[in-house]
Amino acid sequence: MIDSFGRRINYLRISLTDRCNLRCRYCMPENGIEKFNHEDMLSLEELYAVIKIFVELGIDKIRFTGGEPLVRKGIVKLISQVSKLKGLKDITMTTNGILLKNYAKDLKEAGLNRVNISLDTLNEEKYRTITRGGNIRDVLEGIEAAKKVGLTPIKINTVLIGGFNDDEIEDLVNLTVEEEIDVRFIELMPVGEAASWAEDNFISNNIVLDKVKDLNPVAREDLSSPAIYFQLPNAKGKVGLINPISCKFCSNCNRLRLTSKGHLKLCLHSNREVDLKEALRNGQDIRELILKSVAEKEESHNLEKRQYIKRNMYQIGG
Ligand code: SAM
Ligand code: SF4
């Protein structure tokens, strides 16, 4: 699929659920989310039907996310069905890693290629604080399990939070030295309920380069990736910087997003959504609707003008 700005759209990120087993301060309300009926979400059968159409239209890369994708029942079966679709080259997942040790082997066997694991600190107490109750040991065991079964190369996503983890930048960067692990620092995005918290605690990714002078730029392999990569001399892994605000990457955007309620989002930072679930249930031609929507994909976001979306990150999947 090519949109009206000549961008080739081949990447779909799917939020499988709004629910999560953590309550990260920048993402979830403390008491979790409002309960909603199962009929409000795409069923696994509906998800498969919609994904099949996307793949036929040229999507060759899918990332499952959430909420926490591993709390969605039936995820392994869905992945094993989706991995058999012709034309799909890469199936990945973004997870907080808490349940990964239980699922890593089954996910790999089902056809998942690799995982991105979110980890904002290496300190047990700080982890408990930022996630409002999570146990970092579960995540570390999840990372080991993912390595063991070959869900690699592993990428660690770290949201930079002023006054919280800026003192751990060197330690996180050093994770890339001995092993083929990429650590990616993500700037805090002002979305949903946490928008003002995010603005207050924002620090620019430039701090990573200020603190770690030995990082050398790495030639960009994938222009559509929002990360700009650097590497320490002789390190096995890389360090990525993802700067949605201080550095726009809209002109290379190749992605679409599907929320757990079956809404297609053409741009992460736009409030415009297309309800594929209703269309599917009403017997509309989904293929036509997707093509029409892609033709109307926004040219760019306007975060720098403080145009923030109302949805929360756990509803979209990042
Ligand atoms: N639960 C999974 C996880 O945490 O990896 C998947 C969903 S989570 C919404 C996806 C990613 O979005 C995580 O890496 C998380 O740190 C990031 N994220 C959530 N809220 C964010 C925000 N306000 N700004 C930047 N990144 C955010
Ligand atoms: Fe859950 Fe991921 Fe949001 Fe944390 S960032 S609350 S793990 S969805």
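Okay, let's start at the ligand: an oxygen atom of ligand 1 sits 3.2 Å from an N or O atom in the side chain of Tyr26. That's a polar contact, meaning a pair of N or O atoms within 3.5 Å. Bear in mind that this is a predicted model, where local features need pLDDT of at least 70, side-chain atom pairs count only at pLDDT 80 or more, and totals for chains, interfaces and linings use all residues. Residues are numbered from 1 along each chain as written, chains are lettered from A and ligands numbered from 1 in written order, and side-chain values use heavy atoms, with hydrogens and water left out.

Back to the ligand. Glu68 has a polar side-chain atom 3.2 Å from a nitrogen atom of ligand 1, and Thr95 brings a backbone N or O atom 3.2 Å from an oxygen atom of ligand 1. On its own, ligand 1 exposes 550 Å², and the protein buries 94% of that (Shrake-Rupley method, 1.4 Å probe).

Who's around it? There are 17 residues around ligand 1, and Gly67, Thr95, Ser118, Met189 and Met313 come nearest; being around it takes a heavy atom within 4 Å.

Now helix H6, residues 169-178. Helices here are DSSP runs of H or I, at least four residues, and strands are runs of E, at least two. Which residues of H6 are buried? Ile169, Leu172, Val173 and Thr176, where buried means under 20% relative accessible area with a 1.4 Å probe, protein chains only. They're on the same side of H6, because they cover an arc of only 100° around the axis, going by directions from the helix axis to the C-beta atoms.

Technical notes. Buried < 20%, exposed > 50% of the residue type's maximum accessible area, 1.4 Å probe, protein only. Polar contact = N/O pair within 3.5 Å; in protein donor to acceptor, adjacent residues only side chain to side chain.
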